[in-house]
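Reader: Hello! I am new to this structure; could you walk me through it?

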Amino acid sequence: MSITAVYPGTFDPITNGHIDLVERGARLFDSLVVAVAAVPSPSKRPAFTIEERVQMAREALAHVRNVEITAFDTLLARFVRERGAHVIVRGLRAVSDFEYEFQLASMNRQLVSEVETIFLTPAEQYAYISSSLVREVAALGGDISKFVQPPVANALIRRLCVKD
């Protein structure tokens, strides 16, 4: 049986922590779909368009053979079912992520009971990285080269640090 997993997120932008989790997930499953959310949660205002986020993810993950990057704009449970996936991959950076992720996993279990959610933790050097922190550091002129790939860093600098 071939096992497909879906790793959903906003990826605004994709960070080295995301890449680490994709590489780990790609070793565990026959195929891994990186699902870039077109419509993020109401609390999030993306810095990049869905097309830009998908393109950055494709560039950053081109070296991983069994990964597909695609956008989605529907309920995750529906997307997972449509893709015939068996697993949802979520990342846990810290204990503080657990409560929210547990709620999501429980809701998804109710919506698609045939799909399991697994949690992966990033390598220690990426555990503190979040897209929002990287955007903030970039906007304030800080060095983000340790947190994202060079094309992503360049895109962030162009987007967030443009002076009038």
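Predicted model: local features only at pLDDT ≥ 70, side-chain atom pairs only at ≥ 80, totals over all residues.

**A first look at the fold**

Reader: What percentage of the residues in the protein is buried?

Author: Residues are numbered from 1 along each chain as its sequence is written, and side-chain values use heavy atoms, with hydrogens and water left out. Buried means under 20% relative accessible area, with a 1.4 Å probe and protein chains only. Of the 164 residues in the protein, the buried share is 47%.

Reader: In what order do the elements of the protein run?

Author: Helices (H or I, at least four residues) and strands (E, at least two) are DSSP runs, numbered from the N terminus. The protein has 6 helices and 5 strands. Starting at the N terminus, their order is β-α-β-α-β-α-β-α-β-α-α.

Reader: Is Arg-90 buried or exposed?

Author: Arg-90 sits in strand E4, which covers residues 87-91. Its relative accessible area is 17%, so Arg-90 counts as buried.

Reader: Which residues is Arg-90 in contact with, leaving aside its neighbours within four places in sequence?

Author: Contact means heavy atoms within 4.5 Å. With neighbours within four places in sequence set aside, the partners of Arg-90 are Pro-8, Tyr-100, Glu-101, Leu-104, Thr-117, Ile-118, Phe-119 and Leu-120.

Reader: What share of the contacts in the protein with a separation of 6 or more comes from residues 24 or more positions apart?

Author: Here the count takes in contacts with a separation of 6 or more. Among these, residues 24 or more positions apart account for 75%.

Methods
Buried < 20%, exposed > 50% of the residue type's maximum accessible area, 1.4 Å probe, protein only.
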